[in-house]
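Please consult the sequence and the coordinates shown below while reading.

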Amino acid sequence: MRFVVPLLAGLLWPIVLVTPALAQSKVGIEQTFADSLTAMPKEDLAVAGGFYVPAYSSVAMSQGKLRVDFSVTLSVHNASETQALVVRRIAYFDTAGKQVESYLKAPVAVKPLATISIFVPTDDVRGGTGANFIVDWAATSEIAEPVVEALMVGGVANAHYAFISQGRPTRTVGKK
């Protein structure tokens, strides 16, 4: 019995951490990150780019005999001190390249030095071992490139793991 209580506590701990975060997907970025957002710029969006961000909702361990599931937090940081960053699309894809989720109904403008994020809970394994995000962004003029990365957190038994995957630019289009 001495060993059952710590084991149960270890197994229930992830549930406690996941439960509050599930509400984000139902509420939406616009409400969840209202303080990070600003009005859409009236000027033309002259600069645009995109990021590919590897994410790992599941990882094979123990010589492929064990699958460990991870929560994923995708963060999009506006690195500009002076202008808004327009985030046009945040899409989540699975290992086969099939879109699993789209997180924006319409573009949002992120305040200078502000951040928005997406949370994929541990029990959402739709992405699999090769999950990824595509983030498309724009701005009215030259801007510091956004910082886009995914944080994966998970564990098995008493071992916990956390790691970051940095986004890689897929394209940047400037003024013609």
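Where is the place of Leu-113? Leu-113 is in the loop between strand 7 (108–110) and strand 8 (115–120); helices (H or I, at least four residues) and strands (E, at least two) are DSSP runs, numbered from the N terminus. The model is predicted, with local features needing pLDDT of at least 70 and side-chain atom pairs counting only at pLDDT 80 or more, while totals for chains, interfaces and linings use all residues. Residues are numbered from 1 along each chain as its sequence is written, and side-chain values use heavy atoms, leaving out hydrogens and water.

- Strand 9 (residues 132–139) is largely enclosed by the rest of the structure, because eight of its eight residues are buried (under 20% relative accessible area, with exposed over 50% and partly exposed in between; 1.4 Å probe, protein chains only).
- One side of strand 9 carries the buried residues Asn-132, Ile-134, Asp-136 and Ala-138, and the other carries Phe-133, Val-135, Trp-137 and Ala-139, also buried.

**Partners of strand 9**

- Strand 2 (residues 47–54) pairs with strand 9 in the antiparallel sense over eight bridges; two strands pair if DSSP finds at least two bridges between them.
- Asp-136 in strand 9 stands opposite Gly-50.
- Strand 5 (residues 85–93) and strand 9 also pair in the antiparallel sense, over seven bridges.
- Ala-138 in strand 9 is the bridge partner of Val-86.

**Loop residues with positive phi**

- Leu-113 has a phi near 60° and counts as exposed because its relative accessibility is 55%.
- Ala-157 lies in the loop between strand 10 (147–156) and strand 11 (159–166).
- The phi of Ala-157 is near 55°, a positive value in a residue other than glycine, and its 66% relative accessibility makes Ala-157 exposed.
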